[in-house]
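Have a look at the sequence and the fold first.

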Amino acid sequence: MSGTSAEAPPETAEATVEVALVKAGRTKIRYPAELLHDDGTKLTVRAPWAAPHVRDFGFVRFEPGDVFTEHYWRDRWYAIKEVYAADGTLKGWYCDITRPTVRTGDTLTVEDLDLDLWVSADGSAILRLDEDEFAESGLASRDPAAAEAAVRALDDLEALARTEGFGTL
């Protein structure tokens, strides 16, 4: 997967898209999302928590009723998801390290590269996640350039979180 797609400009975009999260060559989850923005480079969608159950990470719980505003780029190796509780309170930002997003018709394909970053709403917790899974994935030997881009993206996101934050996405 790479870069851009030859999609119509945002004013002719569909109101709903399907997000397909791919990991290790297979689709991990698909879910519908409301398309909020597509300028040809950045796409923003909104979707409810896609699982029917609570997922407790210890530092945050994703649960039915939560709403995610998800920002994807066709030219960046990450996605940033604003996570809101059912009452509208910002829980924080969950960042996936991914290959650049591809939009084909009404489907956004996002290839997850295992690395993640969590930033709490108040910025007090900035956690690098799943570095062990990334190391075990074998990406560094299969596709060294992609592995380097993934690590660089994680480093860049962490630096951004520690300096400017994600409040102006």
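The expected span of a helix is 1.5 Å times one less than its number of residues. This is a predicted model, where local features need pLDDT of at least 70 and side-chain atom pairs count only at pLDDT 80 or more, while totals for chains, interfaces and linings use all residues. Residues are numbered from 1 along each chain as its sequence is written, and side-chain values use heavy atoms, with hydrogens and water left out.

Q: How do you know that the length of α3 fits a helix?
A: The 20 residues of α3 should span 28 Å at 1.5 Å a residue, and its end C-alpha atoms are 29 Å apart, so the two agree.

Q: What makes the chain agree with a compact globule?
A: The rule is 2.2 Å times the number of residues to the power 0.38, with the radius of gyration taken over C-alpha atoms. For 169 residues that puts a compact globule near 15 Å, and the chain has 15 Å, so it agrees. Along the principal axes, the C-alpha atoms fill a box of roughly 45 × 40 × 30 Å.

Q: Why is Thr44 called buried?
A: Buried means under 20% relative accessible area (exposed is over 50%, partly exposed is in between, with a 1.4 Å probe and protein chains only). Thr44 has a relative accessible area of 7%, so it is buried. You'll find Thr44 in strand β3, residues 42-48. Beyond its neighbours within four places in sequence, Thr44 has contacts (heavy atoms within 4.5 Å) that include Leu36, Thr69 and His71.

Q: Why does Asp116 count as buried?
A: Its relative accessibility is 4%, so Asp116 counts as buried. Asp116 sits in strand β10. Leaving out residues up to four places away in sequence, Asp116 touches Tyr94, Ile97, Leu127 and Leu154, among others. Asp116 and Leu127 are eleven residues apart along the chain, with 8.3 Å between their C-alpha atoms.

Q: What makes a set of residues a nonpolar core, and how many residues has the largest one?
A: A nonpolar core is a set of buried Ala, Val, Leu, Ile, Met, Phe, Trp, Tyr and Cys residues joined through side-chain atoms within 4.5 Å. The largest has 21 residues, and Ile80, Ile97, Leu117, Leu157 and Phe166 have the most contacts inside it. At least two of its residues come from each of β7 (78-84), β8 (90-98), β10 (107-120) and α3 (144-163). The most come from α3, with seven residues. Apart from this core lies another of 13 residues, including Val17, Ala47, Ala79 and Val110.

Q: Which parts cover the buried residues of α3?
A: The cover includes β7, β8, β10, β11 (126-129), α1 (131-137) and α2 (139-142). Among the buried residues of α3 are Ala150, Leu154, Leu157 and Ala161.

Q: Where does the name "DUF402" come from?
A: An unreviewed UniProt entry places "domain: DUF402" at residues 58-162. Positions follow the numbering used here, feature names are shortened, and annotations may be inferred rather than shown by experiment. That stretch is 29% helix and 44% strand.

Terms used:
Helices (H or I, at least four residues) and strands (E, at least two) are DSSP runs, numbered from the N terminus.
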